[in-house]
Amino acid sequence: MRKISLIAGILILFAGSVWAAVAELDSDLMQAVEDVNKSMASNIALKDKKGSLSDATELGGMFAEIEHFYVSKGDADDAVKLSRKSRELVADILKSVNGGDFDHATNLATDLSRTCKSCHNFYKKS
């Protein structure tokens, strides 16, 4: 019986620490997304292929984390859809930049910023 209580206690501590980590992920990750998104837009405008690709790749990973967060959280269908849309836009930006089509990448980056803003309308805490 004591072994079961110990295991239950460990699971509760683990769940609590995971929840705390998830709660912290939100503001730090979102600030990083905003910073990298601005950097990417600037790099695209400057036609800096290396910088644009680096930023877009980083954003793709961040949006994967955001999607995972909202899938795990549950009851956030809009956020899941918008994070998936963001990942698709980032993939298209990578293709455009790789192909040297910075005008199209600029349009996609604008769409990405709008997608972020629409998610903030639902979920961002003031």
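1. Burial. Of the 126 residues in the protein, 30% are buried, where buried means under 20% relative accessible area, exposed means over 50%, and partly exposed lies in between (1.4 Å probe, protein chains only). This is a predicted model, in which local features need pLDDT of at least 70 and side-chain atom pairs count only at pLDDT 80 or more, while totals for chains, interfaces and linings use all residues. Residues are numbered from 1 along each chain as its sequence is written, and side-chain values use heavy atoms, with hydrogens and water left out.

2. Overall build. The protein has 4 helices and 0 strands, and its pattern along the sequence is α-α-α-α. Helices (H or I, at least four residues) and strands (E, at least two) are DSSP runs numbered from the N terminus. Among contacts in the protein with a separation of 6 or more, 62% join residues 24 or more positions apart; contact means heavy atoms within 4.5 Å.

3. The α2/α3 pair. Helix α2 (residues 49–73) packs on helix α3 (residues 77–98) at an angle of about 165°, and their axes are 9 Å apart. Axes are lines fitted to C-alpha atoms, for helices over the stretch in contact, and angles run from 0 to 180 degrees between N-to-C directions. The two helices are therefore roughly antiparallel to each other, on a scale where angles under 35 degrees count as roughly parallel, over 145 as roughly antiparallel, 65 to 115 as roughly perpendicular and the rest as oblique. The crossing of α2 past α3 is left-handed, meaning that the near helix is turned anticlockwise from the far one by less than a right angle; clockwise would be right-handed. The residues of this contact comprise 14 nonpolar, 6 polar and 4 charged. Here Ala, Val, Leu, Ile, Met, Phe, Trp, Tyr, Cys and Pro count as nonpolar, Asp, Glu, Lys and Arg as charged, and the others, Gly among them, as polar.

4. The largest nonpolar core. This core holds 28 residues, and those touching the most other members are Met-40, Ile-44, Leu-59, Phe-63, Ile-93 and Leu-112. A nonpolar core is a set of buried Ala, Val, Leu, Ile, Met, Phe, Trp, Tyr and Cys residues joined through side-chain atoms within 4.5 Å. At least two residues come from each of α1 (2–45), α2, α3 and α4 (102–123), and α2 gives the most, with 8 residues. In soluble globular proteins, nonpolar side chains tend to be buried together.

5. Ile-44. This residue is found in helix α1 and is buried, at a relative accessible area of 2%. Beyond its neighbours within four places in sequence, Ile-44 is in contact with Ser-52, Ile-93, Val-97, Phe-102, Ala-105, Thr-106 and Ala-109. Its C-alpha atom is 6.1 Å from that of Phe-102, which is 58 residues away in sequence.

6. Phe-63 and Ser-86. Not counting residues up to four places away in sequence, Phe-63 touches Val-33, Ser-83, Ser-86, Arg-87, Val-90, Leu-112 and Cys-116. Ser-86 lies in helix α3 and is buried, with a relative accessible area of 2%. With neighbours within four places left aside, the contacts of Ser-86 are Phe-63, Leu-112 and Thr-115.

7. Residues of α4. Cys-116 lies in helix α4 and is buried at 13% relative accessible area; its C-alpha atom is 9.7 Å from that of Met-30, 86 residues apart in sequence. Thr-106 is also placed in helix α4, but is partly exposed at 36% relative accessibility.

8. Asp-92. This residue lies in helix α3 and is partly exposed, with a relative accessible area of 32%. Asp-92 and Ala-56 are 36 residues apart along the chain, and their C-alpha atoms are separated by 9.7 Å.

9. Positive phi in two loops. Most residues other than glycine have a negative phi. Lys-47, in the loop between α1 and α2, has a positive phi near 60° and is exposed at 54% relative accessibility. Asp-75, in the loop between α2 and α3, has a positive phi of about 55° and is not a glycine. Asp-75 is exposed, at a relative accessible area of 80%.
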